[in-house]
Amino acid sequence: MKPAPFSYRRPGTLQLALESLAGEPDAKVLAGGQSLIPLLSMRLAAPSMLIDINALPDLDHVTTAADGVRVGALARHAAVLADQDAVRVQPLLAKALANVAHSTIRNRGTSVGSLVHADAAAELPVVLRLLGGSLDVASTRGRRTIAAEDLYVGLLETSLRHDEIAVEAFFPALALGEGVAFDEVARRHGDYAMCGVAALVQVDGDRVVRARAGYLSVSEVPTVIELTDAFSVAVDEESLAAAGEMALAGLDPQTDIHASADYRAQLVRVLTARVLRSAYDDARGRMLARVER
Amino acid sequence: MTTKLFGAKVPRVEDDRLLRGNGRYADDLMPGALESAVLRSPHAHARIVHIDVDAVLDCEGVHAVYTYEDLTGPMAAPLPLLIPHPALTHGRTQYALAKDEVNYVGEAIAFVVADDRYLAEDAIGKIKVDYEFLPPVVGIDNARKAERLVHDDVPGNIGARLEQNVGDAPAAIAAAPHRLELDLVIERSASTPMEGRAVVSRWDPDQARLQVWSSTQTSTGVRAAVAAQLGLDLGQVDVITPDVGGGFGVKINHPWPEELLVPLAAIALGRPVRFTEDRREHFISSAHERQQVQHIEVGFDDDGRLLGLDVEFWHDHGAYTPYGLIVPIITSTQLLGPYKPDNYRVVFESLYTNTVIVTPYRGAGRPQGVYAMERTMDAIAAYLKKDRTEIRATNFIQPDEFPYDHQLVFQDGRPLVYDSGDYPALLEKIKALVGWDEFEQFRTEMAAEGRRVGLGLACYVEGTGVGPYEGAHVQIETSGNVKVATGLTSQGQGHQTVFAQLVADVLGCSFEDIEIVTGDTRRMPYAVGTFASRAAVMSGSAIHLAATRAREKALRIAADALEADAADLEIVDGIVSVKGTTGPTISLGTLAVLSNPLRYAFDEVSKAATQFSVGRPEKPPVAEDDEPGLEGRDFYSPERSTFASGMHAVIVETDPDTAEIKILKYAVVHDCGHLINPMIVEGQIHGGVAQGVGGALYERMVYDESGQLLNASFMDFLMPYVTEVPESIDIDHLETPSPLNPLGIKGAGEAGVIPSAAVFAAAIEDAEGFPITTMPISPSELFELRRRHSVVEPTHAVVELVETTTPEEDSP
């Protein structure tokens with residue numbers, strides 16, 4: 001479990017990092033290393049070069065504004081989770097990040113790294129997709145913004161080009177009338193979930209204006225399903241069950257050594273109902289709190 | 001008066017060092033040693049056509065590469081079969097490096113020594129092997145079908161078939177008023193210690209002496225194996241066991257190929273060489289355990305009394321049988337637990353598959369046996385609609401029936417005779433501890449909240465302190481410090497603490513002045529090893545005996561020096577005095593000076609000793625029946641094992657929607673005779689329960705049809721985290737002392753894990769209302785079972801089981 005030989009760069013500026021990357025087609029970018037290092041050690045990946053971006057300045061920020069939260073490429077999960085402003089403006093971040101592995105991994109792993117690793121079993125890609133966020137990427141050719149809906153193109157595959165480094169993610173703020181919730185079922189605390197659901201519900205009074213949910217581990221890429229139609233009448237057992245079936249139509253649960261496809265489908269049903277109910281209650285609670293203030 | 005330490009909760013002296021990262025493991029020793037890596041078979045079954053190592057020979061930093069062709073003499077023969085048995089008619093062991101054929105993914109093929117492990121792994125990747133694929137045999141069903149063979153010369157894939165009979169079980173069952181049949185499955189798990197296997201060795205050409213440090217459970221066993229396989233005298237080989245990061249059974253098997261190849265290379269290269277196993281290697285090239293398929297037939301009367309028990313099981317021992325039949329023999333004998341069926345037949349087949357070898361893992365066959373027996377007890381109770389504890393109590397061996405002879409042969413080849421125990425008392429304790437009689441009310445309350453709970457119970461008896469012997473050497477230094485050596489090894493159990501407690505009590509010296517050395521063949525060359533819950537019983541007893549000898553000698557010299565009668569002396573805080581007087585005293589250190597006639601006055605203690613006069617002028621300085629030095633040496637060798645016992649109960653909650661299984665309460669009553677250190681015993685129980693939770697609810701080795709292990713990492717092999725283990729475990733003790741050893745103790749190392757599969761299966765069955773016959777069980781599997789049984793509402797009181805035909809219908 002020792003990596004195959006590779007060369008190693010630890011550039012001090014983004015420009016140098018981008019130049020190194022552009023000149024080395026088989027290079028990989030190292031940030032928190034929580035996925036990459038095990039892959040190297042098991043020799044499942046053998047890049048020619050590691051470009052360690054941990055010495056780059058000004059990339060570990062978590063910046064919160066009225067419109068949302070901007071997370072730099074070197075901000076650790078733990079830093080985002082501990083940022084009171086960030087989790088106030090977008091509470092889904094805290095709800096999802098609490099389920100990202102264990103504290104030792106959250107101390108080291110980066111949120112942006114998780115986004116570009118593009119594991120469909122990971123929490124943050126689903127959160128970014130559900131919230132309609134975006135990712136800023138840079139290359140020697142310049143900078144561009146990729147909308148979350150255009151980011152994930154296949155199994156462990158994003159629309160980033162090889163010479164691009166993700167520098168900042170943007171998670172939009174919770175809008176008026178919106179509520180969020182997150183839940184997942186894993187074999188052990190902190191494991192990759194067998195199924196996880198993030199939900200965003202917008203209400204107007206008791207009425208659901210919009211409802212959608214993002215799903216972990218039940219499709220090849222992080223998937224968001226529109227569920228508004230299920231709640232045209234009310235939020236009750238019947239509509240929540242219907243939402244689960246609606247979600248399943250757009251998902252593709254698979255069997256693996258931890259769970260059968262049918263069991264995963266059951267978790268989609270159960271968690272859709274739980275999480276949509278919870279997001280609805282969250283939205284209503286926030287509206288009531290606002291009225292009381 | 002010195003406080004007696006036996007029975008006290010003395011804090012573990014090991015912990016400060018181990019928990020602060022100051023342990024010294026094999027990988028920490030000999031910095032600068034050459035490192036090695038092993039090319040392992042990627043295929044479960046293949047013939048090796050050709051191995052090409054040319055690409056490795058020129059690699060910079062590579063010092064040696066070995067394949068089978070490079071092995072000579074005993075090293076070219078198959079590895080030893082450690083524990084032969086007449087029933088093991090087709091025992092097979094692997095070669096240190098594969099010869100012609102590989103039989104599991106992970107089998108060693110080539111061994112590379114390089115400057116560091118990175119270079120060694122690079123080199124491994126450059127070796128080319130041509131394979132001719134053979135069809136693999138995976139799983140007990142395929143092994144039994146024997147459409148394919150693991151070894152061409154082993155018909156039916158059957159390594160061994162062993163049958164034992166007490167009375168006539170088939171006839172008794174046929175004549176019984178009630179009969180049931182059960183088919184049970186239990187899957188594979190493994191020891192998975194924190195530290196994998198590791199060995200480092202150096203050859204001293206000046207002294208023609210080899211030193212080996214191995215992360216093993218038996219340093220004497222490794223020493224004998226290394227000497228024999230490398231053609232050295234025992235006196236040329238030292239094996240030292242440094243700190244070991246857990247064993248749990250896997251490190252009792254020996255010699256591992258690397259334990260021989262590392263010293264071989266160290267001698268050849270004239271440089272220290274190391275092998276440190278990585279986690280993936282540990283999964284695919286050490287050992288697993290537990291996998292069995294069981295068929296049980298039982299006949300009983302209206303009270304649930306066992307009239308006949310007929311058990312047939314199939315044991316998957318993997319690709320080779322280096323550890324013989326120990327695991328299935330233990331299953332077949334310890335299955336009986338605290339019960340006494342009048343008639344018992346057990347027969348097993350030990351089968352080859354193209355998978356990792358199976359050797360003892362904590363519990364060592366007992367978890368499977370307890371699973372068979374306790375599932376049977378639950379089935380009888382369900383059939384008769386009686387309380388599950390009542391059926392058990394009906395079948396208990398009673399306290400006045402000890403010693404109880406089962407008329408079977410145990411793992412050590414000796415009669416299976418229980419020495420002591422009180423099972424009815426244990427049952428009363430566990431019922432009180434878990435709230436057995438109040439459970440139905442709790443179930444009703446929970447059901448009102450829409451919650452589903454179940455209660456399970458399992459009983460076990462564990463043969464501990466297996467022979468043949470252990471020894472100890474106790475030396476009192478002139479400083480008054482006491483050096484103790486025993487030959488078995490430590491893997492973190494707390495031996496330094498409990499052994500020092502025993503010595504302090506005997507010698508009347510300070511606990512802090514005692515140093516315990518384990519697993520160093522230079523200090524104690526005669527020893528067996530740490531397994532079978534035997535360290536406290538075997539080495540504890542030997543240390544007690546050796547310390548007693550040292551005490552006797554100390555008092556004899558003191559009596560001479562103080563001109564008193566030895567019977568009137570006492571030792572308190574390391575000082576000998578005449579009981580009840582304030583007269584002259586003498587310290588143990590001074591007695592150590594006096595014990596050696598060679599008395600150069602190097603230090604103050606020696607000078608102080610000159611005030612005393614011992615010995616007789618008419619006798620030689622060392623009398624004929626005496627030796628210089630204040631030492632005691634003794635061995636303990638019991639006639640047979642001592643049998644600990646216990647019962648576990650668990651309350652689980654199963655989620656009606658997600659089928660997740662939560663532990664609400666876990667209770668243990670345990671009888672290991674007198675407790676030397678209750679805190680350490682409870683720690684053993686905590687650890688055992690944690691491993692048991694893993695084995696019952698999380699862990700399994702998932703092989704695919706081609707023999708690839710699909711979850712060879714801690715990401716996919718689900719060892720429980722602290723979050724999966726119950727927050728508290730309620731423990732109560734019963735102490736029925738063993739009559740077989742001077743301390744009245746029994747082993748406690750494995751008990752915590754033994755009843756896990758049985759107790760969780762019982763509790764989940766109780767919650768769900770349908771039989772649980774395959775363990776471990778995951779939420780996904782429970783969900784699938786619910787669908788199969790189409791359970792709308794749980795009907796926990798009745799478990800559906802097929803009753804076999806009645807005897808009347810059977811006869812023509």
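The model is predicted: local features need pLDDT of at least 70, side-chain atom pairs count only at pLDDT 80 or more, and totals for chains, interfaces and linings use all residues. Residues are numbered from 1 along each chain as its sequence is written, while chains are lettered from A and ligands numbered from 1 in the order in which they are written.

**Contact between chains A and B**
- Chain A contributes 18 residues and chain B 23 residues to the contact, where residues are in contact if their C-beta atoms, placed from the backbone, lie within 7 Å.
- Helix α11 (residues 261-292) of chain A supplies the largest share of the chain A side, 4 residues; helices (H or I, at least four residues) and strands (E, at least two) are DSSP runs, numbered from the N terminus.
- The chain A side has 10 nonpolar, 5 polar and 3 charged residues; Ala, Val, Leu, Ile, Met, Phe, Trp, Tyr, Cys and Pro count as nonpolar, Asp, Glu, Lys and Arg as charged, and the others, Gly among them, as polar.

**Domains of chain B**
- Chain B is divided into domain 1 (34-134 + 191-285), domain 2 (292-466 + 639-789) and domain 3 (468-636), with bounds from an automatic or database domain assignment.
- The centres of domains 2 and 3 of chain B, taken over C-alpha atoms, are 42 Å apart.
- In chain B, 18 residues of domain 2 are in contact with 18 residues of domain 3.
- The side of domain 2 of chain B that touches domain 3 comprises 8 nonpolar, 7 polar and 3 charged residues.

**Hairpin in chain B**
- Strands β16 (residues 404-409) and β17 (residues 415-418) of chain B pair in the antiparallel sense over 3 bridges; pairing requires that DSSP finds at least two bridges.
- Val409(B) lies opposite Pro415(B) in β17(B).
- The hairpin of β16(B) and β17(B) has 5 residues between the strands, and Gly413(B) in the turn has a positive phi of about 80 degrees.

Conventions: Contact = placed C-beta atoms within 7 Å.
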